[in-house]
Structure formats: structure tokens, C-alpha cells
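We'll walk through it a piece at a time.

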Amino acid sequence: MTRAIRRGLLLLALAWSGAVVAQSDSDLALIPPDSQSPPKLSQHRAEQNIYLENALTGVSLRDALPVAAPPSYDWQERLLLDVRDGWQVGRTARLILSDRLNLRAESDLSFPGRENVVNDLREAYVEWRLADQTYLAFGRINLKSGIALGYNPTDYFKARTVSEPLSADPTVLREDRLGTVMLRFQHISRRGSVTLAFAPRLRRQSPIYSNTGLSSFDPMPGRTNSENRFLLKSSIDLSRNASPELLIYHDGHATRLGLNVSTTLGQSVVAYLEESVARRRDLIAEALDFGRATGALPPSAPDEPPPSPDRSLKNALAIGASYTTSNRVTWNLEYHLDQAGFTSQDWNRWFRSGSAVAAAPVTADELWYIRGYALDQQEQSTEQTAFLRADWTDAFGLKLELSGFADVDLRDGSGQAQAEADYYLSDAWTLGFLAAGDFGSKRSDFGSLHSACSALLSVRRYF
Amino acid sequence: MAMTISSRSWPLWVALGWVLLASTPARADTAAQIIARTDEVRNPQQPFHTTVTLVEYVSGRKRDQNTLTVYAKTDPRTHQFRNLVQYVAPPRDAGKRVLLGGGALWFYDPASKTSVRISPAQQLVGQAAIGDVLTVNLAADYGATLLGSESIEDAGRTRRECWHVQLEATDDLATYSRVEYWVEQGTYLPIKADFYSDSGRLLKIAYYRGFTRILGTTRPTQTVIIDAVDKSLATVATSADYGYQDIPDTWFQRDYLPHLETR
């Protein structure tokens with residue numbers, strides 16, 4: 001190596017090291033000044049979540065529907081106190097409470113009146129730690145299952161539990177619901193877990209509640225504990241990317257088998273499948289049976305649209321994936337199937353009967369009862385839907401969370417869509433805005449609904 | 001010809017030997033050893049808990065603050081940490097939990113009472129991805145190459161002699177594809193790290209500081225995470241309230257998430 005070459009290499013090395021130092025210096029300039037002093041530690045208890053919220057909703061209703069719909073409110077004002085907390089009792093027991101007290105006024109309620117106050121006792125139970133990782137709990141418990149966002153066929157204790165939600169977002173519906181009185185045993189091991197639950201019959205099943213017929217302080221066991229129900233579920237870690245959960249559920253109508261499985265694909269994608277199989281009747285038959293049993297429909301109510309005559313093996317599933325983009329938006333896309341839901345033939349008959357109720361042996365209220373039953377059970381009215389949801393935290397670099405979803409009936413292309421914005425004014429205060437609408441022709445699943453669109457403005461104070 | 005040390009020249013040879021000994025420990029360390037030692041410096045290797053406070057800055061101004069409690073324990077099979085993270089503040093997020101156990105990430109929301117699998121890219125809070133806050137042994141997830149020695153300035157603009165190590169992800173769940181890492185020679189203190197995406201794009205720059213003796217070792221207690229894409233954004237993660245804790249393996253099952261008893 002000649003001296004000139006050695007000198008050239010040396011200069012190059014010096015220039016390179018200079019570039020490195022320069023880059024390092026510019027990076028250091030990005031460190032926020034005054035960020036070195038340690039922040040004050042929060043004294044908040046992690047188990048406690050208490051907030052007061054005021055929400056004002058306006059609704060635009062459709063006219064001249066092909067099947068005349070029951071009356072509905074076009075404005076609602078709510079003030080609610082929401083409490084979730086847990087307390088250690090002795091060395092081995094914990095007491096859990098989750099409750100929401102609502103004060104409400106709306107266009108179809110007189111004021112003041114008994115119905116202006118509604119208390120939702122969501123959970124109240126005691127859990128004992130019997131041994132390491134073995135638990136026994138008793139009381140009103142929200143036992144939830146399922147990994148999909150838009151539809152949870154394995155969430156067997158979801159039926160009849162949703163209580164006056166402020167949002168149609170399925171992820172919110174899972175929060176605003178009543179628990180079931182049950183005895184729950186759970187054992188957790190290094191490779192998985194086993195849960196066994198028994199929910200006893202405590203009261204005769206009650207009719208479907210309307211928002212104008214809610215009791216003020218009744219915990220409503222007629223909704224959650226009207227028959228004996230059993231659930232056995234177990235998850236096992238087969239590998240780090242596969243830990244399926246199997247479920248067996250039994251009530252007075254059927255035994256259902258369920259499966260939940262999810263897997264991570266790379267850094268940004270999670271794929272999942274939730275499925276439930278049971279030998280059962282279709283939605284129309286179950287709704288008519290329920291209506292007659294609770295007295296909501298007369299015993300002579302006609303089978304219209306005609307339900308399937310027999311029980312058969314029916315599949316309900318949600319299959320989908322989430323994807324998180326580089327700018328931190330998480331998308332979920334799902335396909336939903338419920339073989340007990342309305343077929344195209346059922347929809348055609350429903351609209352045909354509704355268009356000519358004067359001549360048909362069925363009333364519009366009876367036709368709407370079937371769809372109200374599906375809503376009360378949190379089941380799909382229709383066989384197949386597609387669901388898309390997006391969530392963007394810290395949107396546009398602000399303390400803003402944007403979320404939205406669309407649920408589309410794959411038969412007729414109708415659907416519902418909702419967009420929501422929550423702005424965090426501070427750690428304590430949140431300002432929220434929500435807009436929702438149903439789209440589709442008047443003779444479609446969502447286009448036939450009474451509500452066309454709605455908007456909600458809310459302010460929330462955390463304690 | 002046999003070499004002999006003359007009586008007159010031995011001080012020179014001793015001095016030369018001393019210089020060689022003083023300068024060669026750095027060379028004796030392989031890249032993997034450096035990363036393994038700095039992992040031990042960053043995190044206690046026995047089961048422990050710590051409270052992490054994340055403060056977000058926009059253009060140098062404080063915007064938001066979150067507090068998390070982290071429970072960590074190494075998996076003897078993989079030598080990687082398993083983590084259980086609980087949100088403490090702000091109140092709207094209190095009680096939410098994230099689990100990294102056996103390579104899978106799960107998120108638990110006490111409002112919906114369900115645990116769902118999430119991807120490593122899903123945001124935790126602020127500019128910090130989940131992978132930034134979780135306790136990790138880099139040696140378990142990355143292959144290391146020693147690029148050489150460099151003198152760089154730390155977060156306090158003090159010049160430090162460092163090993164420059166390049167880390168390439170060997171595990172699908174590693175948060176970043178490539179990491180450029182500067183470790184101080186002798187102390188094994190992490191000084192700086194650059195984090196890259198699959199496409200080679202610089203995503204984040206981290207500076208370590210607040211070196212304090214904790215649980216028997218001098219460790220960094222603050223990490224400044226700078227968003228390299230939008231350089232007006234930065235997050236400072238401060239760890240405090242360290243303590244050893246007996247953590248059963250079953251804590252790292254997703255069905256344990258609702259049962260976590262807060263300290």
C-alpha cells in the first residue's frame with residue numbers, strides 16, 4: 001500500500017467519523033429539554049374506573065317504511081355514573097362491583113317519572129382463591145367468550161344482556177351489558193386453563209324489554225337467569241402461536257360446541273376464527289316460540305314468515321384478521337355467518353307480508369318482533385355479513401382517538417356505519433362525538449329500519 | 001532464535017503488556033457476549049416488577065403521561081422475558097393489561113372483560129410500541145455482529161467509548177428488523193440504539209440515561225425514544241420502584257389476566 005493510498009484512506013475514515021459525530025449531535029438535539037427530572041408517580045388504583053358522563057343524542061327517523069315500525073324516540077338526554085372497582089377481602093377473596101346509574105329523558109318518556117332512573121347492576125360477585133391459580137366465584141358475573149370484534153357466536157352468555165347502549169359499536173356492546181348469576185370455577189395451569197360455570201334458573205323468563213318499559217332498580221334476573229345453563233371451556237397452548245379454546249355450552253334448548261383460535265402473522269397481522277355449531281331451529285322459529293312463551297305474541301300468532309320445521313345442525317362463525325399500519329391505524333375485517341339467520345326467501349316473505357298486513361294473517365308488530373328478538377339475543381338477523389372496523393389512537397398526532405365501523409348485509413348490500421371521535425382534553429376529561437347511519441333501499445335489511453341516522457355529543461369526567 | 005528478556009528491558013515489556021491487557025478486553029468480547037452482558041445491565045435477570053412512566057413530548061413540549069406496572073420473568077426455555085403489563089394511569093386506561101407470554105401478545109380490557117391476541121405493531125401508548133416498553137433480552141431475539149469501537153456522546157453529551165453492535169432479528173416477533181446498538185466498553189451500559197424497519201427505514205432513535213444503582217447493578221432508568229419519521233415526537237420512559245418478586249409461571253397465561261392482584 002503506497003503512502004498516498006494510506007493517506008487517502010485515513011482522510012476518508014476521518015471524514016466518515018466526522019459524519020457519524022455530526023449525525024449523533026443532530027440526534028441529541030431532538031431530546032426534549034427539561035425531560036430528565038423523574039415524573040411524579042400516579043397514585044391511582046388500577047382496579048378503579050369511575051366516570052360521570054353526559055350524552056345527548058338526536059335521531060332522524062324514516063317515514064313510509066314498507067313494514068310500519070314501532071314508535072321510537074328522536075332525542076335522548078342521559079346522565080350516567082359508571083363505576084367499576086375491586087377490593088381485596090382478607091387474604092384470599094376479592095369483591096368485584098360494576099354498576100351504572102342512568103338518569104334519562106327522551107321524546108317518548110314522560111318527565112319526571114319512574115322510568116327516568118335506571119340502574120344497571122352489571123356485576124357483583126366474590127371470588128375466592130382456593131389454591132394457587134384455582135378460583136371459585138359466585139354472584140352476578142359477566143362471563144364473556146369470543147375473539148372476533150363484530151360478532152361473537154361463542155359468547156354464550158350474551159343473550160338478553162345489552163342494556164341501553166350509547167353506541168352500536170359491537171366492541172361497546174360487550175361493555176354495556178348485564179352479568180349472569182352463576183357459580184364459576186377456574187383453574188389455570190402453565191399450559192392452559194379450564195373454566196366451568198353453572199348459571200341457575202332464578203326467575204321465569206321475561207318478555208323483551210323496550211326502552212320505555214325498563215324497571216328502575218330491578219336487577220332483571222328474568223333476562224339473565226331464566227333457565228339452567230352450563231359452560232365448560234378450556235384453552236391449551238399447543239405452540240406459541242396457537243392456543244385454541246374449546247367450549248361446550250348447554251341450556252334448555254340445545255348443546256353448542258365452540259372454538260376460538262387466533263394466530264399472529266408477522267409484526268402487524270393477527271388472524272382469527274370463532275365458530276359455534278349446534279343442532280337448533282332457525283331464528284324465526286326461536287323468536288316465535290319465545291314470543292308465545294312470554295306472552296308477547298298470542299298463542300294463535302301465525303308462523304309468518306314460515307320457520308324451518310325441524311332442528312338441524314347450524315353453523316355460526318366469524319373469521320377475520322386485524323392489520324396495523326405504519327401510522328398506527330388498526331383495521332379489522334371480518335366475515336360473519338349465521339345459518340339460523342334470515343335467508344333471501346325469508347326476507348322476501350317478511351317484506352311481502354309487511355306490505356300487505358291488512359290482507360295477511362300477521363301484524364307489523366309481529367313481524368318486527370322477530371327482528372327485535374334477534375337484537376335482544378345479539379344474534380344476526382341475516383345469514384351473511386361483512387364487518388370492517390378501524391381504530392386510530394393519537395390520530396394526526398393529537399390526543400384524539402378515531403374509530404368507525406361498517407356492517408354490511410352481503411345479500412342486499414345494505415348496512416350500518418358509525419364514526420366516533422374521542423378527544424382527551426386532559427387525563428380527567430374526554431369530549432366525544434359519534435355519528436351513525438343505516439344505508440340501503442327501503443326493502444333491505446338495514447334500509448328498512450326506523451332510524452335513518454343519529455348523532456351523539458358527550459362529555460365524560462373520570463375520577 | 002530463542003527470545004529472551006534482558007534485565008534492562010523488562011520494565012518496557014511489562015508496560016507494553018499492561019497496555020495490551022488494558023486494551024484487549026474489548027476485543028475479547030464477542031458481539032453476542034456484549035449483548036448478553038448489556039441485557040443483564042438493562043434488566044434484572046431474576047423475576048421483578050417496576051413502574052414505568054411514559055411522558056410524550058411534541059416539539060419539546062409535554063403532551064401526555066401514562067403509568068404502567070411491569071412484571072417480568074425470564075422463560076428458562078427461550079431465555080426471553082415474559083411480561084405482564086398493567087395500565088395504572090390515566091384513569092380512563094386504568095386496569096387494562098398486556099401479556100407477552102410464550103411469544104404471543106394478549107390484550108385484556110376490564111370493561112369488555114375479554115383477552116384478545118394483538119400484533120407487536122399495535123400501539124401501546126404514545127410513540128412507544130408495545131415492544132419498546134416490554135422487558136426484552138435482545139440476545140434471545142437478535143443475532144449480533146460487532147462493527148467496531150466508536151466514541152459517541154451520550155444523552156448528557158458526555159463522550160463514551162462504545163462498541164458498535166449491529167443486531168438482526170432472528171425471531172418473527174422481534175419488534176424491529178434491525179437495531180444499531182452502542183454499548184459502553186467496560187460497563188456494558190447501553191448508550192444509544194437506532195431501530196430499523198424491514199425496508200431499512202430508520203424508525204426510532206433511543207438514548208439511555210439516568211444510570212443508577214438498582215438491585216445490585218448500575219442500570220439506565222430512563223430511555224428517550226425519538227420518532228425518526230416525525231422528529232417532533234419523543235417519549236421518555238422512566239423506570240422506578242423496582243423490586244424482586246416471586247412470579248408464578250401461570251401469571252403468563254392469558255386466562256390469568258383478569259385475576260392479577262395489584263400490589
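How many residues does helix 6 of chain A have, and how far does helix 6 reach from its first C-alpha to its last? Bear in mind as you look that this is a predicted model. Helix 6 covers residues 364-377, which gives 14 residues, and its end-to-end C-alpha reach is 20 Å. That is close to the 20 Å expected at 1.5 Å a residue.

Now see which parts of this helix are tucked away. Glu366(A), Leu367(A), Tyr369(A), Ile370(A), Arg371(A), Tyr373(A) and Ala374(A) are buried in helix 6 of chain A. When you read a list like that, remember that an α-helix has 3.6 residues a turn, so residues three or four places apart point the same way. And what sits over those buried residues? The cover includes helix 4 (283-293) and helix 5 (344-355) of chain A. Just after helix 6 of chain A, have a look at Gln378(A), which takes a positive phi of about 60°.

Next, the strands. Strand 11 of chain A, residues 269-280, pairs with strand 12 of chain A, residues 312-324, in the antiparallel sense, and the pairing runs over 12 bridges. To find your way along it, pick out Glu275(A): its bridge partner in strand 12 is Leu317(A). Strand 12 of chain A also pairs with strand 13 (residues 329-338) of chain A, again antiparallel, over 9 bridges.

Then zoom out to where the chains meet: 61 residues of chain A are in contact with 62 residues of chain B. On the chain A side, at least two residues each come from helix 1 (3-28), strand 2 (75-89), strand 6 (180-189), strand 10 (255-265), strand 11 and strand 12. Helix 1 of chain A supplies the largest share, 4 residues. By type, this side of chain A splits into 19 nonpolar, 27 polar and 15 charged residues.

What about the partner itself? Chain B has 5 helices and 15 strands. Of its 263 residues, 49% count as buried. Among chain B contacts between residues at least 6 apart in sequence, 50% join residues at least 24 apart.

Definitions and conventions:
Residues numbered from 1 in each chain as written. Chains lettered and ligands numbered in written order. Predicted model: local features only at pLDDT ≥ 70, side-chain atom pairs only at ≥ 80, totals over all residues. Pairing = 2+ DSSP bridges. Contact = placed C-beta atoms within 7 Å. Nonpolar A, V, L, I, M, F, W, Y, C, P; charged D, E, K, R; others polar. Buried ≥ 20, exposed ≤ 12 C-beta atoms within 10 Å, placed from the backbone. Expected span 1.5 Å × (residues − 1).
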